[in-house]
Amino acid sequence: MDGTAVRRFPWRGDRRPPRARQWWLLGWLLGGLALALILAVGTARRDDAPALQPPRPHGALGGLRPLGTPPQTAQVVTVGLLPTTVYDLNVEANTYYIDAYLWLRWRGDGEPMRSLEFVNAVEDWGAVADEEVRQGAHVLADGSHYEGVHIEGRFFQAFDLSDFPLDRHRLTVLIEDRLRTVDQIVYLPDLAESGIGDTVRIPGWDIVGWQAEPLVHVYDSNFGESDAATTAYASYRYELTIVRPLNYFVWKLLLPLLIVLGINWTTLCFDPRQVEVRSALPASALLAAVFLQQSYSNALPEVGYLVLLDKIYVLAYAALVVTLVRVIWVARHAAAHAADDYRRARQHDRLVLGAQVAAFALGCGALVLLR
């Protein structure tokens with residue numbers, strides 16, 4: 001021995017790193033994963049947020065409720081709807097256009113089409129029937145009355161993007177009788193003849209089904225009419241269910257991120273003495289991940305919560321930072337180029353690499369399955 005002092009890793013003097021230190025890095029990584037999940041849950045939307053105004057004391061809260069047994073005094077109107085075109089779906093504006101045929105069947109007097117209202121129609125002209133198609137009610141062979149109209153227009157739909165890009169939405173057409181209450185008229189869906197037209201296509205989306213249901217809209221107000229007996233009105237809701245294609249998530253969004261992470265993880269395969277290369281790769285990968293996230297964020301409206309892909313990027317950022325910290329830590333504790341220290345450092349690099357890949361895969365799987 002020439003008496004030269006040799007700097008070694010913190011486990012100096014051991015032929016093999018203590019088991020506690022082997023699990024230290026893994027525990028630190030899993031702690032970062034837990035922190036990321038806590039941040040994701042903490043920034044999620046809360047259903048228990050306090051209301052801006054206290055609830056009115058005079059009655060129960062209103063809203064749409066399923067129709068139970070129709071009142072015996074109510075006129076039963078069968079409603080059918082068949083979309084032929086759905087287009088200009090605008091997630092940022094929360095609107096879409098629909099072209100459809102709507103029909104009513106009923107028995108007894110009255111013209112329920114005259115008091116029918118499209119609750120979520122954005123533009124008045126879009127809810128007006130085509131006068132060339134609308135020719136008034138006529139009597140069918142079974143004695144019931146029938147009237148059909150052709151509707152076209154823009155409708156409002158509040159899109160929930162929390163599961164983007166695996167989000168599922170329901171394009172809704174909500175109608176209601178604006179004059180008569182539920183004890184005077186109720187709507188029942190014509191499930192046999194309603195559906196989806198064979199020409200309906202929505203670019204960038206898959207149509208997975210539809211449903212129609214009768215409802216009761218209970219308003220938590222009597223609209224200033226103190227002698228009003230009820231504020232429950234008959235409603236009917238038609239919903240077209242759409243989802244984003246899985247290929248969009250896998251090939252356009254997830255694959256570029258996996259490539260960036262793969263480049264980052266190759267850092268741990270280099271010799272620990274190549275500090276410049278090992279430092280440059282994680283930093284470049286981190287910058288690329290920021291640009292990738294910005295590219296899809298620009299296509300989404302401003303929302304006050306993290307979407308699913310944002311949470312996946314939080315895990316990716318944690319992996320990138322852990323790799324960069326690992327590189328810096330090795331560079332500081334292996335300055336003397338001791339062969340044994342570098343051999344042990346490479347062993348620990350493989351441990352960190354495997355832990356990162358496993359943690360990222362498990363984290364992404366948990367986010368997707370538990371969303």
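Before the structure itself, one definition: a residue is called buried when its relative accessible area is under 20%, exposed when that area is over 50%, and partly exposed in between. Asp-88, at 48% relative accessibility, therefore counts as partly exposed. I will come back to Asp-88.

What you see above is a predicted model. The mean pLDDT of the protein chain is 81, and 75% of its residues reach 70 or more. Where pLDDT is low, the predicted coordinates should not be read in detail.

Now the chain as a whole. There are 371 residues, and 40% of them count as buried. The secondary structure comes to 5 helices and 10 strands. Take the contacts between residues at least 6 apart in sequence: 78% of these join residues at least 24 apart. The accessible surface is about 20,600 Å², with 57% of that belonging to carbon and sulfur atoms.

Five strands form an open sheet in the order 5-6-3-2-8, and the pairing is mixed. Which strands stand at the edges? They are strand 5, residues 138-139, and strand 8, residues 185-189; each has a single partner strand, so one side of each is left without a neighbour in the sheet. Further in, strand 3, residues 95-106, pairs with strand 6, residues 145-156, in the antiparallel sense over 12 bridges. One example is Trp-103, whose bridge partner in strand 6 is Gly-148.

Thr-95 also lies in strand 3. Is Thr-95 buried or exposed? Its relative accessible area is 6%, so Thr-95 is buried. Thr-95 and Arg-154 are 59 residues apart along the chain, yet their C-alpha atoms are separated by 6.5 Å. Leaving aside residues up to four places away in sequence, the residues that Thr-95 touches include Arg-154, Phe-155, Phe-156 and Asp-88.

That brings us back to Asp-88, in strand 2, residues 75-90. Its phi is near 50°, a positive value in a residue other than glycine. Asn-94 is another such case: it is not a glycine, and its phi is positive at about 60°. Asn-94 sits in the loop between strand 2 and strand 3, and with a relative accessible area of 21% it is partly exposed. For background, most residues other than glycine have a negative phi, and most peptide bonds are trans.

On peptide bonds, look at Phe-164 and Pro-165. The bond that joins them is cis, with omega at about 10°. Pro-165 is in the loop between strand 6 and strand 7, the latter being residues 168-181.

Last, the surface. Which residues form a nonpolar patch there? Trp-251, Leu-255, Ile-259 and Ile-263 do, and together they have about 400 Å² of accessible area. Ile-263 belongs to helix 2, residues 246-265. At 41% relative accessibility, Ile-263 counts as partly exposed, the class that Asp-88 also falls in at 48%.

Terms used. Residues numbered from 1 in each chain as written. Predicted model: local features only at pLDDT ≥ 70, side-chain atom pairs only at ≥ 80, totals over all residues. Heavy atoms only, no water. Pairing = 2+ DSSP bridges. Helix = DSSP H or I, 4+ residues; strand = E, 2+ residues; numbered from the N terminus. Patch = residues over 30% accessible without salt bridge, like charges linked within 9 Å, V, L, I, M, F, W, Y side chains within 5 Å. Areas by Shrake-Rupley, 256 points an atom, 1.4 Å probe, with all protein chains shown as cover. Salt bridge = Lys/Arg side-chain N within 4 Å of Asp/Glu carboxyl O. Buried < 20%, exposed > 50% of the residue type's maximum accessible area, 1.4 Å probe, protein only. Contact = heavy atoms within 4.5 Å. pLDDT = per-residue confidence, 0-100.
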